[in-house]
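Subject: Structure for your review

Dear colleague,

Please find the structure below, followed by an account of what was found in it.

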Amino acid sequence: MVLKDRIAIITGGSSGIGRGIALEFAREGARIAIADKQETPLRGKYHETDVTTPTVAEIEKLGARGIFLQTDVADESQVAHTLNRTVEHFGGLDILVNNAGIHIPGGAQALSIADWDKVVGVNLRGVFVATKLAIPHLKRSKFGRMLQIASVHAYGGGAGPAYAPAKAAIVNMVRDTALELGPFGITVNAICPGYIETAIQDYLTPEQIEEALEKTALPRFGLPRDIGRAAVFLASDDAAWITGASLLVDGGFAAGV
Ligand SMILES: NC(=O)c1ccc[n+]([C@@H]2O[C@H](COP(=O)([O-])OP(=O)(O)OC[C@H]3O[C@@H](n4cnc5c(N)ncnc54)[C@H](O)[C@@H]3O)[C@@H](O)[C@H]2O)c1
């Protein structure tokens, strides 16, 4: 168990990739706070159509400890409360996973300014807020780790004028934060997933899904577990000398771009 007794917060951990990361962390012995707007997992129209059990119940089935803390990452007072509650409950914080994210479809003409603010508010501002507020807690850990979930869309256009720029900003933010936190022994890295089978894909048409699959070198979409295993590696002692990096976990999608 490479994360035995490590204490982690995973934002957006009720569903999809965050849930996949939580379950892999649980298998590796971590104690996990799920910080999500809702406890009930999202059910998609293409993927995760029948997921119903809250993540904490699944964590407990794996013999690990978990707690659900209702949190909107766009609200800094809620994020601060969640960090404090996690530290009180488990006795510290070793790993922050900023995973919560949303997508609102539409190009520059269709997307409203309010929706642009909403996407950037969760996907970029929300990451900064949790990062900033977690630093004092992570500095007290001997194994401080920060993991930001960006996207393969950080490296190209086509995913809208809010989502893709927010993800690109995260790739650079991890470099900046890695420089700042390196002297404290805290590593900061991003994972850039390709197309993963979660409810976030609901906005795509069946034709767009087929096209994304064709562009993925390996002949399947990713599963939340695929991102979970990469996250375990980056959170573990095996990755102690990796910081400021963004790891593509995309089945080869970006290899063809
Ligand atoms: N699935 C993919 O194909 C894919 C690809 C690249 C990157 N990503 C990124 O991975 C992350 C997770 O995506 P997913 O596919 O699991 O999405 P999802 O929609 O399946 O799950 C997202 C979770 O985040 C929660 N959430 C949403 N807004 C929140 C907020 N303001 N505060 C707290 N929690 C909130 C939701 O309740 C949900 O549980 C996102 O950052 C997304 O951009 C996903």
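Is aspartate 5 buried, partly exposed or exposed? With a relative accessible area of 39%, aspartate 5 is partly exposed; buried means under 20% relative accessible area, exposed over 50%, and partly exposed in between, with a 1.4 Å probe and protein chains only.

The model is predicted: local features need pLDDT of at least 70 and side-chain atom pairs count only at pLDDT 80 or more, while totals for chains, interfaces and linings use all residues. Residues are numbered from 1 along each chain as its sequence is written, and side-chain values use heavy atoms, with hydrogens and water left out.

Backbone angles

Aspartate 5 belongs to the segment before β1 (7-11); helices (H or I, at least four residues) and strands (E, at least two) are DSSP runs, numbered from the N terminus. Its phi is near 65°, a positive value in a residue other than glycine. Glutamate 48, also not a glycine, has a positive phi of about 50°. Glutamate 48 lies in the loop between β2 (31-36) and α2 (55-61), and counts as buried at 19% relative accessibility.

Asparagine 189

Asparagine 189 is placed in strand β6 (residues 187-193) and is buried, with a relative accessible area of 1%. A polar atom of its side chain lies 2.9 Å from the backbone nitrogen of alanine 245. This is a polar contact (a pair of N or O atoms within 3.5 Å; within protein, one must be able to donate a hydrogen and the other to accept it, and residues adjacent in sequence count only if both atoms are side-chain atoms). Leaving aside neighbours within four places in sequence, the residues in contact with asparagine 189 (heavy atoms within 4.5 Å) include Met146, Gln148, Leu234 and Ala245.

The ligand

There are 30 residues around the ligand, of which Ser15, Ile17, Asp36, Tyr163 and Thr198 come nearest; a residue is near if one of its heavy atoms lies within 4 Å. A backbone N or O atom of isoleucine 17 is 2.7 Å from a ligand oxygen atom. A polar backbone atom of threonine 71 is 3.4 Å from a nitrogen atom of the ligand, and a polar side-chain atom of lysine 167 lies 2.9 Å from an oxygen atom of the ligand. The elements that give two or more residues to the shell around the ligand are α1 (16-27) and α5 (163-181).

Yours sincerely
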